[in-house]
Amino acid sequence: MLLFLSRIGRYTLSHLAAMGRMFLFLLSALALSFRPPAKIRLILYHIKTIGVDSLSVVVLSGFFTGMVMGFQGYYSLRKFNAESWLGSATALGLLRELGPVLSAFMVTGRTGSAMAAELGTMRATEQIDALYSMAINPIKYLVSPRIIASLIAMPLLTAIFDVVGIYGAYLVGVGLLGVSSGSYFSGMESSVVFHDVYSGLIKSVSFGLIITWVCCYKGFHAPPMATGVSQATTESVVLSFVFILVWDYFLTAIML
Amino acid sequence: MIRVVDLYKSFGNQQVLKGVNMEFVTGKITTIVGTSGCGKTVLLKHLNALLLPDRGHVLVDSVDITQLRQKELYEMRGRFGVLFQGAALLDSMTIFDNVAFPLREKTKTSETQIRHKVEERLEQVGLEGMGYKYPAELSGGMKKRAGLARALVMDPEIVLFDEPTTGLDPVLATSIHQLIVRTQQTFGFTGVVVSHTIPQVFEISDYVAILANGIIEELKPTKEFQSSPNPVVQQFIRGETEGPIQVL
Ligand SMILES: Nc1ncnc2c1ncn2[C@@H]1O[C@H](COP(=O)(O)OP(=O)(O)OP(=O)(O)O)[C@@H](O)[C@H]1O
Ligand SMILES: [Mg+2]
């Protein structure tokens, strides 16, 4: 019994310590991000890898999400004879919730996993040690530019996801199911307020931070071997998803 | 002068260093030999605090680097050049940019001067005209030489070489050895070499130490080391499986 308790205790302690380390990593990365000199070239490069490279998958998933919302929204709204509210229902759903969350998932899969793998490989091949030995802080050099880039790229990707999604729902609702085009947009105009756009923006920025934080941390501390890198990649994706959903709950509760 | 005092390091429950004591004389080359996996790389990484010991001290000019704060630590590391066992070139950039990297990041050298210096270093290691290639496009030996060029580009006071000639053909190994000696004579750095290339590496070493069973079993000027009656030294030099060094 005592053994069992001590095992639970040790397990809890080691997890608490790991969480603490992760949090310290975030703090130092953030502190270094806003300390000059800013690495403009690196930031631009990472905006490209986060933003441009994820663009196609974000557009594609946004389009199909929108079309599905067109069908599902139409189906439920018709029960109340409220098909004309399709535009506003879709826009609110996308702007407030689905746009930020789903585009964050896409970026995690497309770019976050690549970040973890890249940093994990750099750890395994001693490149991170090499940076330390050249008196260059690897967090400042590798993690900070990615964090800034994700804070910039993530809301832009989310905005694209939202617009494409609204257009997708329009195609299904107006094109296929015969909702009137005028009521689609006027309903949207009358019910969407700036707060909806704003809360989506806040969400996407914080999701961008979560993705780079979790994926860079996992890669940075990957055990130095091939299996360590693959394990870090998997863990970074799963953990990012969980963090995004949990954080989304709290943000929604606060900002509703 | 670098002094290592009573250094202990373990990973999990594997004890790698069990009380290492040794000195590296300023301006001389000290070579560390030992069987594969005995902890030479681990020891080397303690010298510029890439690893911190469980117990013990590393004194660089009588400053204990295991106790330094972040800022002082980075300053101290700037005095070191390191050639890693696997070269550890940054694979997102070309060889030229790799060698230029510390100059660009740490100094205000103008781009023309950087170009001049990097090309000079690349030529010294026999890589002239290869600067445009990426690390992934080079052979193991070429990577090692590029890593050497990067380690020397800042004219460091102390240079750590982790197996500079392993995986190179004998001709190239000799030329790398000559390069180490030549640059050492020019710049007067303190050299620490980890190597398996015996007996050739003895020709460039002022001192030789053998790491076995987690401690330094012997540290002597090269001539005396080679004729040392210590059974550990003799077993290692002759490559015998029977003796005081525990092999698998
Ligand atoms: N980061 C680490 N985590 C866990 N174990 C490690 C780590 N680094 C080294 N070790 C272990 O320490 C021991 C010594 O490793 P080290 O790399 O110093 O050997 P070496 O003497 O340099 O060998 P080689 O000549 O093959 O390079 C090995 O058994 C290795 O498994
Ligand atoms: Mg080694």
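The crossing of helices α5(A) and α7(A) is right-handed, meaning that the near helix is turned clockwise from the far one by less than a right angle. This comes from a predicted model, in which local features need pLDDT of at least 70, side-chain atom pairs count only at pLDDT 80 or more, and totals for chains, interfaces and linings use all residues. Residues are numbered from 1 along each chain as its sequence is written, chains are lettered from A and ligands numbered from 1 in the order in which they are written, and side-chain values use heavy atoms, with hydrogens and water left out.

Helices are DSSP runs (H or I, at least four residues), numbered from the N terminus. Axes are lines fitted to C-alpha atoms over the stretch in contact, and angles run from 0 to 180 degrees between N-to-C directions.

| Helix pair | Axes | Angle |
|---|---|---|
| α5 (138–176) and α7 (194–220), chain A | within 8 Å | roughly 150 degrees |
| α3 (86–124) and α8 (226–255), chain A | 9 Å apart | about 150 degrees |

α5(A) and α7(A) are therefore roughly antiparallel (over 145 degrees). Contact means heavy atoms within 4.5 Å; residues including A:V143, A:R146 and A:M154 of α5(A) meet residues of α7(A), among them A:G208 and A:F220. The residues of this contact divide into 13 nonpolar, five polar and one charged (nonpolar: Ala, Val, Leu, Ile, Met, Phe, Trp, Tyr, Cys and Pro; charged: Asp, Glu, Lys and Arg; polar: the others, Gly among them).

α3(A) and α8(A) are likewise roughly antiparallel, and their crossing is right-handed. Contact residues include A:E97 and A:F105 of α3(A) and A:F241 and A:D248 of α8(A). This contact has eleven nonpolar, nine polar and two charged residues.

For the complex, the predictor gives an ipTM of 0.89 and a pTM of 0.87. Chain B has a mean pLDDT of 89, with 99% of its residues at 70 or more; pLDDT is the predictor's confidence in each residue, from 0 to 100.

Terms used:
Helix = DSSP H or I, 4+ residues; strand = E, 2+ residues; numbered from the N terminus. Parallel < 35°, antiparallel > 145°, perpendicular 65-115°, else oblique.
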